[in-house]
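Hi,

Here is the structure I said I would pass on.

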Amino acid sequence: MKLDSKAMRHFTAEDWRVLTAVEIGSKNHEVVPTPLIESISKLRGGAGRVRHSISALAKVGLIARLKGARYDGYRLTYGGLDYLALHTYASQKVVYSVGNQIGVGKESDILVVANEAGTQHILKIHRLGRISFRTVKANRDYLRRRQGGSWMYLSRLAAEREYAFMRALSEEGFLVPEPISQSRHTIIMSLIDAFPLRQIASVPDPALLYGELIALILRLAKHGLIHGDFNEFNILIKEEPIQSESDSEEQKQPSKKGKEVEKQPPTSPQLTTSSDDPEATIENKVQITPVLIDFPQMVSMDHVNAEMYFDRDVACVKTFFERRFQFVSTQPGPFFRDAKKTVGRNGARRLDAAVEASGFSKKALKDLEAAIREQQEARGPDGELDSASDDGDYDEDEDEDEDDDDDDDHLDEQDDGDEGDQGASYNEHSEGN
Ligand code: ADP
Ligand code: MG
């Protein structure tokens with residue numbers, strides 16, 4: 001699915017208010033009855049004005065009338081939720097324009113966005129439930145049994161959780177994208193100017209990089225965490241020139257996020273890549289640093305299946321290094337039982353506890369875990385996406401034009417100011433999160 005921000009600029013404040021009313025109504029109704037939309041949006045023009053907005057929103061596919069519903073009503077589409085999140089970011093002045101989509105997976109869409117100053121960031125839109133819950137029976141049954149097992153609820157949980165982990169890791173000094181904002185099923189983070197390890201054909205010293213990745217797994221463990229999807233797609237390899245005596249003064253300045261690319265002197269090797277295949281060769285003169293991404297599935301070292309997740313992350317690194325770089329470590333392990341002993345050692349802050357304390361209910365976590373496991377199982381053998389089963393029975397009335405991938409779409413901010421004069425219930429629910 002593509003995010004098309006063009007239609008946004010034609011919306012009036014009333015349209016936004018009605019869209020928000022459908023979102024609020026969605027908390028308790030899968031299909032929000034039209035009279036409820038009218039009463040939540042409380043427009044001055046009354047029911048007539050609300051209906052006018054409803055048809056405008058339905059026309060561009062932000063809300064949809066469900067086929068065969070027992071009563072007259074609408075549900076929010078992924079597009080509608082995308083727009084609400086973008087609207088929040090535009091109001092916060094975090095996003096001014098939406099650029100290219102750089103990634104699409106089963107679990108998310110990744111887009112480059114920019115603020116008014118032109119600084120680029122990454123918008124990650126979680127799409128849990130994009131594929132239907134049908135591949136793994138236990139999870140599917142579990143998710144179906146619970147009423148709220150909807151894509152909206154799960155994707156929002158995934159975004160909130162990913163943002164919470166990114167913040168905790170960033171504060172602790174881990175090399176991860178900088179968390180910038182979060183709204184609904186989306187997050188905004190700094191853009192890392194780097195390729196995934198998946199695309200790197202060779203590195204000067206595989207043993208060194210292997211050691212760093214294992215050390216990263218162990219450092220996470222010390223803080224009570226397991227990444228849970230520690231693979232070559234989720235490790236970005238940042239290159240920086242090895243500093244010489246003469247430029248060391250300049251290099252001491254902390255690098256500004258998103259600007260790393262400008263630091264490259266003309267002599268440094270450029271990575272060129274156009275596909276998923278390993279093409280990039282990193283030469284000796286650069287220093288490489290792994291940056292970890294993708295956190296919604298992170299689990300605590302105290303999780304009942306912690307050992308399995310830990311071993312799987314370690315095995316992932318080992319397998320990849322053997323296949324890609326023909327590197328096999330002479331040391332066995334690391335082993336979970338040893339890592340477990342280091343949790344919290346020397347005053348290491350428990351990040352698992354910090355994130356749990358930020359308010360995720362046990363039930364919500366169980367739902368999210370089931371959905372993420374479902375998505376992971378649906379992947380192909382190599383972490384590749386299994387395109388055969390994409391989009392399943394997730395039918396949305398998508399209203400897209402396909403021609404605008406390359407130009408930035410500017411968000412219209414004309415109705416930002418309106419949020420101040422709206423009723424309490426509207427404000428309470430419409431502000432991002
Ligand atoms: P998913 O949950 O779908 O796997 P990821 O967070 O792993 O989503 O992102 C998918 C891809 O998008 C990554 O492999 C990477 O290539 C790119 N990507 C994600 N976040 C960033 C970022 N902050 N900077 C640069 N590239 C990113
Ligand atoms: Mg990923």
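Below is what turned up, starting with the ligands and ending with the backbone.

Some ground rules first. This is a predicted model, so to speak of local features pLDDT must be at least 70, and side-chain atom pairs count only at pLDDT 80 or more, while totals for chains, interfaces and linings use all residues. Residues are numbered from 1 along each chain as its sequence is written, chains are lettered from A and ligands numbered from 1 in the order in which they are written, and side-chain values use heavy atoms, with hydrogens and water left out. Helices (H or I, at least four residues) and strands (E, at least two) are DSSP runs, numbered from the N terminus.

Ligand 1

There are 15 residues around ligand 1, and those that come nearest are Ser108, Lys124, Ile192, Asn234 and Asp294; to be near, a residue needs a heavy atom within 4 Å of the molecule. By type, the shell has ten nonpolar, three polar and two charged residues. Here Ala, Val, Leu, Ile, Met, Phe, Trp, Tyr, Cys and Pro count as nonpolar, Asp, Glu, Lys and Arg as charged, and the others, Gly among them, as polar.

On polar contacts (pairs of N or O atoms within 3.5 Å; within protein, one must be able to donate a hydrogen and the other to accept it, and residues adjacent in sequence count only if both atoms are side-chain atoms), serine 108 has a polar side-chain atom 2.6 Å from an oxygen atom of ligand 1. The backbone of isoleucine 192 puts a polar atom 2.9 Å from a nitrogen atom of ligand 1, and an N or O atom in the side chain of asparagine 234 is 2.9 Å from an oxygen atom of the ligand. The protein buries 86% of the 540 Å² that ligand 1 exposes when taken alone (Shrake-Rupley areas with a 1.4 Å probe; for residues, only the protein chains shown count as cover). Strands S5 (108-114), S6 (120-126) and S8 (186-190) are the elements that give two or more residues to the shell.

The magnesium ion

Which protein residues are the donors of the magnesium ion (ligand 2)? They are Asn234 (OD1) and Asp294 (OD), lying 2.1 to 2.2 Å from the ion. Donors are N, O and S atoms within 2.8 Å of the metal (3.2 Å for Na, K and Ca); water is not among the atoms, so sites may look incomplete. The pair is 60 residues apart: asparagine 234 sits in the loop between S11 (225-226) and S12 (235-241), and aspartate 294 in the loop between S14 (286-292) and S15 (299-300). Asparagine 234 is buried at 6% relative accessible area, and aspartate 294 is buried at 16%. Buried means under 20%, exposed over 50%, and partly exposed in between (1.4 Å probe, protein chains only).

Also in the loop between S11 and S12 is asparagine 231, buried at 8%. A polar atom of the asparagine 231 side chain lies 2.9 Å from the backbone nitrogen of phenylalanine 233.

The peptide bond from glycine 333 to proline 334 is cis, with omega near 5 degrees. Proline 334 is in the loop between H9 (306-325) and H10 (336-341). Lysine 42 has a positive phi, near 40 degrees, in the loop between H2 (34-41) and H3 (46-59), and is exposed at 53%. Lysine 93 also has a positive phi, near 65 degrees, and lies in the loop between H4 (78-91) and S4 (97-104).

Cheers
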